[in-house]
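Visitor: I'm new to reading protein models. Could you walk me through this one?

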Amino acid sequence: MKPEPSPAGRALEAAQAALAAEHAAAYGYGVIGARAGGARATQARESYGGHLARRDALARTVRELGGAPRPAEAAYALPFEVRTPADAERLAAEIEDRVAGAYSDLVRAAEGPLRREAADALSAAAVRAARWRGVGVAFPGLTERADEAQRAQHS
C-alpha cells in the first residue's frame, strides 16, 4: 500500500496536475482560436493569455514547493474533432471544466495564499466555462469529479 503523501506533497501533486491542465488548456485554445469567429475569437485569445499566465504562475509555485514543473506535451488528444465554431465553443467549455476540476483539487490540497490563488483560478475557469456554454454549474469543479467517478465505476 502506498503511503499517504504529506500535506506539502499533496499540494505539490495538485499543483502539478493544475499545471498539466493549464498546458492542455493552452494547447486547446490554439485549436479553438483557429475555429472560433468574431467576438468568440477575441474571447479565445483572452482565455489563452489567461491560461499562459496561470501556467507560468503554477510553474513558479511548483518550484517553490520543491518540485520540477511538468513540461507541456508536444500535443494533446482532443475529446472530439473540432471543425466548426460550435465545436470550438463546446471544446472551450470542456477545457474550462477540466481546469476547474484541477483547481478544485488544488483548493482542497493547499493552504494559505496558494489556496486563495487556486480558488480564484477555479472561479475564473467556471466563469469562462459559463460564458462559452451560455449557462453555469452550481458547484464548478465538483460536477466533473462526479462524472469521472461515475465513469470509473462503470468501467
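Visitor: Is the crossing of α3 and α4 left-handed or right-handed?

Guide: This is a predicted model, where local features need pLDDT of at least 70, side-chain atom pairs count only at pLDDT 80 or more, and totals for chains, interfaces and linings use all residues. Residues are numbered from 1 along each chain as its sequence is written, and side-chain values use heavy atoms, leaving out hydrogens and water. A crossing is left-handed if the near helix is turned anticlockwise from the far one by less than a right angle, and right-handed if clockwise. For α3 and α4, the crossing is left-handed.

Visitor: At what angle do helix α3 and helix α4 pack?

Guide: Helices here are DSSP runs (H or I, at least four residues), numbered from the N terminus. Angles run from 0 to 180 degrees between N-to-C directions, with axes fitted to C-alpha atoms over the stretch in contact. Helix α3 (residues 85-109) and helix α4 (residues 112-133) have axes 8 Å apart, and their packing angle is about 160°.

Visitor: Which residue forms a salt bridge with R133?

Guide: A salt bridge needs a side-chain nitrogen of Lys or Arg within 4 Å of a carboxyl oxygen of Asp or Glu. For R133, the closest N and O atoms are 2.5 Å apart, and the partner is D97.

Visitor: Does D97 count as buried or exposed?

Guide: Buried means under 20% relative accessible area, exposed over 50%, and partly exposed in between (1.4 Å probe, protein chains only). R133 has 35% relative accessibility, so R133 is partly exposed. D97 has 14%, so D97 counts as buried.

Technical notes. Helices (H or I, at least four residues) and strands (E, at least two) are DSSP runs, numbered from the N terminus.
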